[in-house]
Structure formats: C-alpha cells, structure tokens
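Student: I'm new to this one. Could you walk me through how the two chains meet?

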Number of protein chains: 2
Amino acid sequence: MGAVVALSSHGGNEHGRFAQKHLLEGYGVCVMKMPARIVAVAARVEQRLTDYLSGVRGPAGPPERLAQAMRYAVLGGGKRFRPFLLIECAGLFGVKLENALDAAAALECVHCYSLVHDDLPAMDDDALRRGRPTLHLAFDEATAILAGDGLLTLAFEILATPQTHGDPGVRGALALGLARAAGWGGMAGGQSLDLDAEGKTLGIDEIRHLQALKTGALIEYACVAGGILGKAGGSDHMALERFGRLLGRAFQLADDLLDVTGDETKLGKETGKDGGAGKATLVAALGMDAARGELERLEAEAIAALDPFGARAATLIETARFVSRREN
Amino acid sequence: MGAVVALSSHGGNEHGRFAQKHLLEGYGVCVMKMPARIVAVAARVEQRLTDYLSGVRGPAGPPERLAQAMRYAVLGGGKRFRPFLLIECAGLFGVKLENALDAAAALECVHCYSLVHDDLPAMDDDALRRGRPTLHLAFDEATAILAGDGLLTLAFEILATPQTHGDPGVRGALALGLARAAGWGGMAGGQSLDLDAEGKTLGIDEIRHLQALKTGALIEYACVAGGILGKAGGSDHMALERFGRLLGRAFQLADDLLDVTGDETKLGKETGKDGGAGKATLVAALGMDAARGELERLEAEAIAALDPFGARAATLIETARFVSRREN
C-alpha cells in the first residue's frame, strides 16, 4: 500500500504535516504515492525524536522555553526523509531499524536546525514551515537562534552517546561524517553561497556546486551513515556515496522543476518562489527540457548505483523513482 | 615572568587583544599579572586555530566569505583561557601540549561561536568584541549566524578526527562532554535563561543555576576534558570536575564584581553594563561584602580541589588566584 505525503527539498517549505492534515480532511492536496515504508519509518523516527526532546532519552532538565522551542522545531510531522534513507541504507547490511534510530534522530536534528536558521529574518525570512508559523514567529528570534544551536549540539550528543552504537569507532565515523556534511564545507557553506548568489546569475557549475553543498551533502551523508552503521566495506561504501550524491541531485532538481511547473493547489505551497527571489536554479540555467532530461538520467544512475545490493535495494529503488517522478 | 592580559567572562566583552595593544602603546590598561604560561599557550592555540581555519589542517575549500567570517570570529587574539585550562589539566597526567591542542582548538571554536551568536541583534546586540566591530557588523547578520553554526560544527569535526586522539573512545568522550556542556542543558540553556531573565528579579539560586549553565559548564568541561585526554581515573576526574565548577563560579563572580567596582580606564571596557541591562548578577543579589567573601571561599575551595595533584598543579593554582583576584 502506498501512502500520500508531500516531499520537498531542504530549501523549500515542507508541508508533510500540512498535506497529511488536509488529505484527511478531504482536500486531496497530495496525489503521488510514496513508499508506505517511508510513512512507517517516519512514525518510529518521530517517537525517538520525541523521546530525546522530552527527556525520556538523554539528559532532562533543560530550560523549558528552549526545550519547547526545540520540540516545536522538530516534532509534529514531516516525512523524515533523511532518517529514512539512513535506516534503509543500514538495512542493506542487516542493521535493524531499532539500531539505526538514534543516528537517524541525530541527522533529523541537524536537518531541523538548518530549517530554523534558514527561516530567520536575516536569512530567507520565511513565515511558514510545515503549515505553521516559523519558529522565530511562534517564539522569538533569539529563541530560534538558540533552538537551532541546541539541535545542532544535540545531534552530536546523540551520536557520541554509547547507546547509539556499541563501537566508539562507528560513533566517531558517524560524527565526523555529519560534521563534514553539515559544516562550512557542506550545508552551512551551501547556505552561505546561496545568500551570496541572490540577485546574481550563477553559471551551471556554480549552481551544481551550491546545491551539492546546501542539500546534497546531508542526503549523501544519510546514505553513507547507513553504511557506517552497517560496517560496509569499501566498495559498498562507495556505492552508497554515489547513490546518495545522485539522489540528492535528483531531489533538488525535482524540487526546482516543481517550483516552475507545480500546481499550487496540488502542491500546497506557493510556486515560483525561488525564481522570484532570484535564487539560482538549474531549471533556469538549463531550460525545462534539458532539466527534465537530466532528472531522468539522475534517476537511472542513482538506481544503477544500487546494483551491488541486488533485491535488497528494492525499497531504495522505489524511493529514487518517487523522488524524481513526483508531480507535487 | 608575568604577562599582562585582560581576562573577562563569556558574558562580557573580551578585550584581551585590545588591552595588549593599548599596553604596547603605553596606555597601561592592564595591571594585574597573569601566569606567563597562559600567554605562551595562547600563541600555540592561536596557531592551531589558524591551521584549522585556513585549511592547513582539515578540509580546504569552504566558501571564502564564510571562511573569512569564521577566521574573523576566532583569530586575532584572546587569551584562550578555556584551551589553557584543558591543556594544563591534561598536563597533570603527562599529556604534552602538542597532543592536547586539537581538543583545545575545538573547545575554543565553541566558545567563539557562542560569542558570535550572543552578540547578534536578536540576542545581546553588542557592537564591539575584542575592540573590533562584532561579526554581524563587520560582515552581516546572516553570515554571523552561519559562521557561528560553522564553528560549532567544526568543533565536533575536530573532536571526531583521528588526529585529535588515537583512541576513538577518548574522542567520543570529549565530544559527548562538549555537547552536554554547550547544549540545551549547558551553555545554550544558560543563554536562554539569561534572555528570559531580563527585567526580572531572580533569586540567588536561580542566578547560580543560570551562571552554572551559561559560563560554568564550558569552564568545567575544559578541566574535565583535560582529564579525559589524560585518561584520568575516577577520583582524579571528580577532582577536576570540582575544580572546574568552582573556578567557573569564581570566574563569573569576579566578572560581576568588576562590572560594579572596576575602573573603566583600567578595565578598558564599560562598567555597570550588566546592572544597567537588568542582567541578574550575584553581586546585586548578595551585596558587595557577601560577594567578596564568597569569591574568597571559591578561590580557596578551587585550590583545595587540586590537592590530589600536589606540586604538579602549581600553574593551575596560580591561575585560580589570578582569576579571582584580578582587579581589571
């Protein structure tokens, strides 16, 4: 059984909860089927995040206003796409979902921190996120900055905690990979390039580089981290890295296409926002037809990268198809 | 030989570089001698931070504007007090300075990130830091947010890198301790309490709790991290924890006293700022005499906590005396 949940990129608003809510109410905002497994996994990830952010796991007793803000930023829906990739890639090596949940929760904390900081008035100045006021509007700007800081820090606390994995070498590799993917040479660097790019015309290679950092690095990490948890050998590690990189590119390109062609009613969010804000997108640089062709190639290449895993990769193949073919 | 460098708390402006500069110019801003070893160690820490932030160590190629901002936030002076504590505490167990520098650099990255974010308009809205415009004024607010994020992330990248320590268990313990000290239950939580407290009258216990989180946690971690690097046994670990906790309290209380009694000319910064901003300080809550008495007790207790280390702790004892007795 397929389930219907919206899926959008790091850069755009995420309306998973919004879409689900409206679907239940019969609005039918989303129509594309996504693997049912994503929805099932998201529920487990949600629970684990709830445990961390309510003091059931990890230390209790942080200041309540900050804790509330961190819960607001993380909980309450979302398809948990990056955790899903981590869990599925770990599953290729026989790692049980339960044993990948902590690393997955840490990754989602980093993703959510980046959304909170990107939404700030000094950054993208967004008012809505998942159909709710952004954190700095729901609380205040200082609390939003601190909540983002707290979530980024919590991610490394989770990864460094022995319960995340019994082998400190595995925990260290997870933390190192996450720091590189999220830091100045990864996601934070990409956001910096994106801010610099506003109002400029970037070349195609510059756009690719920006997107590889801003959204690609964390998606690639999600896949690689699954391999780290599963103690993947060198060639499997490289296959996951390649899959993650291609999937990340497809994910972003599909999002850029939807920003141009998407139906606002179906999509449940404003289209044309990136172009209007002078954001550099590959669709503008390549043209629609070339962008669609590239997306098809990326999907095929991502699926081909999974060849070494044979039938075990069926869910990941389905996910790659969904990511590139969704129409909303 | 003693050297003269200003020393102030996390919460206030830090004028180490400012003071040194003016001293050289004959203004005589600083008069209290501090252990020469702090100055010598600071130079080594500065070099290691420069190596990390210029790509000599770690990955090269982050976006230049962000990298520039991160260098601006970290380099160019400062007494590197937290790294000094880490290095000296590690030295109690025979760890060479060279082998503690990476962990020390990571700690300083977290301290500098916190200064950058605390200075933001939405937070304390400070215009000057170490005698220069704060990062958000020298660059822009978005870059300041990202540079802070980048520095926090870089700290965990450094700690997770094998060159920091050969034993992944040690690296993991360093990262876990830092995350707890810096996160929602530590420094970030303390900053949240501090923001909430503006304009309110806190009780003495509330002020102690706030300060324990905001400035105490990272100073305590600096001492404990030295023990982790030195694979300290249980009782030594507890002694360092106790020393760090007491030193952190003395550090903050001395700073609060100077805010009331300090000579602006000698101090090189504005006094009465905390009181004026409605910040909760122990001096206001206890009164001057009781605060001075408490500071004396804290100094004595901190030094007593070092008893297990005998003569090896001479520099740390000197440091504790300096921290509580400085007059500017």
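Tutor: Let's start with a term: a salt bridge is a side-chain nitrogen of Lys or Arg within 4 Å of a carboxyl oxygen of Asp or Glu. This is a predicted model, where local features need pLDDT of at least 70, side-chain atom pairs count only at pLDDT 80 or more, and totals for chains, interfaces and linings use all residues. Residues are numbered from 1 along each chain as written, chains are lettered from A in the order written, and side-chain values use heavy atoms, leaving out hydrogens and water.

Student: How many salt bridges are there between chain B and chain A?

Tutor: Take Arg180(B) and Glu157(A): their side chains meet in a salt bridge, N to O, at 3.6 Å. Counting between chain B and chain A gives a total of 2 salt bridges.

Student: Which residues of chain B lose the most area to chain A?

Tutor: Buried area is the accessible area (1.4 Å probe) that two parts lose on being put together, summed over both. Between chain B and chain A that's about 3,900 Å², with 75% from carbon and sulfur atoms. On the chain B side, 21% of what is buried comes from the three that lose the most: Leu146(B), Thr153(B) and Trp184(B).
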